[in-house]
Structures are given as C-alpha cells and as structure tokens.
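Keep the structure open beside you as you read.

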Amino acid sequence: MKRILVPTDFSEQSKYALKAAAKIASLNNCEIYILHMLDIPDLQSFSGVKTDIPEIIFFKKTAESKLDEFASHDCLKNITTYSLLRLMKTFEGVQEVNQEFAIDLVVMGSHGASGMKEFMIGSNTEKVVRTSEVPVLVIKGQNENLKFENFTFASDFETKNKQNFYKAVELTKSFGANLNLLYINTPSNFTSNEHIENKFTGFEIDYPKVKHHIYNDYTIEKGIINFNNKNHIDLTIMNTHGRKGIAHFFNGSISEDLVNHSNRPILTYRL
C-alpha cells in the first residue's frame with residue numbers, strides 16, 4: 001500500500017477520516033491525497049440561477065483556501081501529502097482520482113443515514129462504497145484512541161470471496177493485527193457448525209494470528225455489530241457486491257447497511 005485518498009467536505013467527519021488515514025500512512029509509509037469536490041449542480045441550486053464563470057471562480061478560490069487549511073493539520077506532519085480540487089460529483093471524482101493516481105485505499109468519514117433518507121438516496125460515502133474498485137475504509141465518529149490491532153473478516157466464505165480475502169490478509173499482516181474469520185448464522189439461513197467449519201478450510205492461511213468464529217444472531221448485520229462489540233474489534237473487513245439500479249433498490253447491501261449503522265470502522269472490497 002503506497003497511496004491513500006481522503007475525500008473531504010471539510011466536516012468533522014472528514015477530519016476523523018484524515019486522522020485515521022494519517023495513522024495508517026505513518027505505519028505503512030504511505031502518501032496521502034486529499035480530495036475536495038466542487039459539485040457544479042449544487043452551486044447552481046445554491047445561487048438560485050445558472051452559475052456563471054465568476055461565481056465558479058469565487059467558489060473555487062474559497063474551496064482552495066479551505067483545502068490548504070485542511071491539509072495543514074498537525075496529524076500530517078512527516079507525511080507526504082497532495083491536495084486535489086475537482087469539479088464533479090463526489091463518487092465520480094473519487095473514481096477518476098483512484099485511476100489517475102493508482103490509489104490503494106480510500107478513507108472516508110460518514111454521517112450515516114437513516115429512515116427515508118437512507119432508503120431513497122443514501123450518502124456520498126455509501127455511493128463510493130458501492131462504486132469504488134479500490135478498497136474503501138469508512139470512519140464513523142471521533143476516536144482519539146483508534147487502533148488497528150483486532151480485525152474481523154465477515155463473509156459467507158464462498159469461493160468468490162477468496163481473492164479479496166487474501167487482500168484482507170495482506171492488509172492485516174501489514175499492521176501485525178489479529179484476524180477473526182466470522183460467519184454469522186441466522187434463522188433464515190441456518191446451517192450446521194460442521195458445514196461452516198468445512199467452509200473455513202478453504203480459507204486457510206499461514207498466519208498465526210487467525211481465529212475462526214461462528215456467531216448466531218437474527219440478522220447478519222446485527223451479528224457482526226454484536227460480535228464486534230463483545231470482542232473489541234477495531235476494524236471490520238467485508239466484500240460488497242456494488243449493486244446498481246433496481247437490484248440495489250430491492251436488495252441493498254450488508255456492507256452498506258453497516259456503513260450506515262455501525263460505529264466502528266468498516267473496510268469494503270468490491271467483488
């Protein structure tokens with residue numbers, strides 16, 4: 001891992017994400033790219049009329065000033081940092097920057113979403129999780145004692161998950177962290193312990209800090225959250241299907257639900 005992208009809207013949540021990214025960068029000798037998006041349609045609605053060039057220049061200069069201030073945070077001392085300003089929608093801009101600079105990890109803060117807002121539009125963070133080909137780490141709230149010592153890889157341990165599983169293992173090793181392989185057994189999809197243990201055998205690795213866990217709960221989302229709370233997990237790693245359109249509308253994604261509802265950091269890999 002060499003390059004970390006931190007999209008920011010200059011909110012407190014973005015600052016929490018920046019601090020987390022700085023900690024990861026210092027442990028792995030990474031560069032940090034800080035990205036702010038100027039969404040032109042939003043500027044048009046702000047002014048009430050079609051935005052002309054002078055207005056765009058004004059907003060651009062204001063954003064550049066805020067970006068410079070954001071990038072001067074004390075947590076970035078001794079870390080190579082680059083500031084980027086783009087004019088497009090957040091999730092589109094993240095995709096473009098990921099490709100342009102060969103980004104290895106995106107770190108974002110999240111306000112979370114609930115109720116009708118979550119059902120209809122979600123959040124920018126959720127959209128990035130759904131569309132990014134690069135792993136996305138979502139930071140929820142402030143955590144001055146943020147640690148990267150105990151990780152959970154939550155999965156159904158089907159063959160399709162193996163490629164991202166090995167990526168998760170390499171990430172875990174880079175931190176020297178413990179890795180908990182977690183299968184949630186639910187009433188609607190109940191299976192025997194023997195069958196689950198057989199699934200685990202296909203995910204064996206040469207790493208001494210690995211444990212297997214079978215956890216029973218009413219839903220997968222609740223099971224992951226409850227397991228993490230009981231075992232003091234610092235980071236949950238999951239795959240996301242990246243569903244779009246009507247499939248996403250009806251089926252959603254467990255990883256996106258966790259982004260909205262879990263208070264602990266979530267790292268997603270796109271299947």
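## What counts as a salt bridge

A salt bridge here is a side-chain nitrogen of Lys or Arg within 4 Å of a carboxyl oxygen of Asp or Glu. Side chains of opposite charge can pair when their charged atoms come close. Please keep in mind that this is a predicted model. Searching the whole structure turns up seven salt bridges.

## Lys 199 and Glu 158

Start with Lys 199, which forms a salt bridge with Glu 158; their closest N and O atoms are 2.4 Å apart. Lys 199 belongs to helix α8 (residues 193-201), while Glu 158 sits in the loop between β6 (150-154) and α7 (162-175), so this pair ties together parts that are 41 residues apart in sequence.

Are these two partners buried or exposed? With a relative accessible area of 15%, Lys 199 is buried, because buried means under 20%. Glu 158 is partly exposed, at 34%.

Now find Arg 86, whose side chain meets that of Glu 96 in a salt bridge (2.8 Å, N to O). This pair links distant parts of the chain: Arg 86 is in strand β3 (residues 81-86) and Glu 96 is in helix α4 (residues 90-100), ten residues apart. Arg 86 counts as buried, at 16% relative accessibility, whereas Glu 96 counts as partly exposed, at 35%.

Glu 100 lies in helix α4 and Arg 86 in strand β3, so the pair ties together parts that are 14 residues apart in sequence. Glu 100 is partly exposed, with a relative accessible area of 47%. Put together, Arg 86, Glu 96 and Glu 100 are linked in a network of salt bridges.

## A cavity and its lining

Next, let's turn to empty space. Rolling a probe the size of a water molecule over the atoms shows where empty space is left. In this model, the count comes to one cavity of 30 Å³ or more. The largest cavity has a volume of about 50 Å³.

What kind of residues line the largest cavity: nonpolar, polar or charged? The lining has eight nonpolar residues, with no polar and no charged ones.

Definitions and conventions: Residues numbered from 1 in each chain as written. Predicted model: local features only at pLDDT ≥ 70, side-chain atom pairs only at ≥ 80, totals over all residues. Heavy atoms only, no water. Helix = DSSP H or I, 4+ residues; strand = E, 2+ residues; numbered from the N terminus. Buried < 20%, exposed > 50% of the residue type's maximum accessible area, 1.4 Å probe, protein only. 1 Å grid on protein atoms, 1.4 Å probe; cavity = no way out; pocket = protein on both sides within 12 Å on 5 of 7 lines; lining within 4 Å. Points joined across faces, edges and corners; volume = space filled by probe spheres on them. Nonpolar A, V, L, I, M, F, W, Y, C, P; charged D, E, K, R; others polar.
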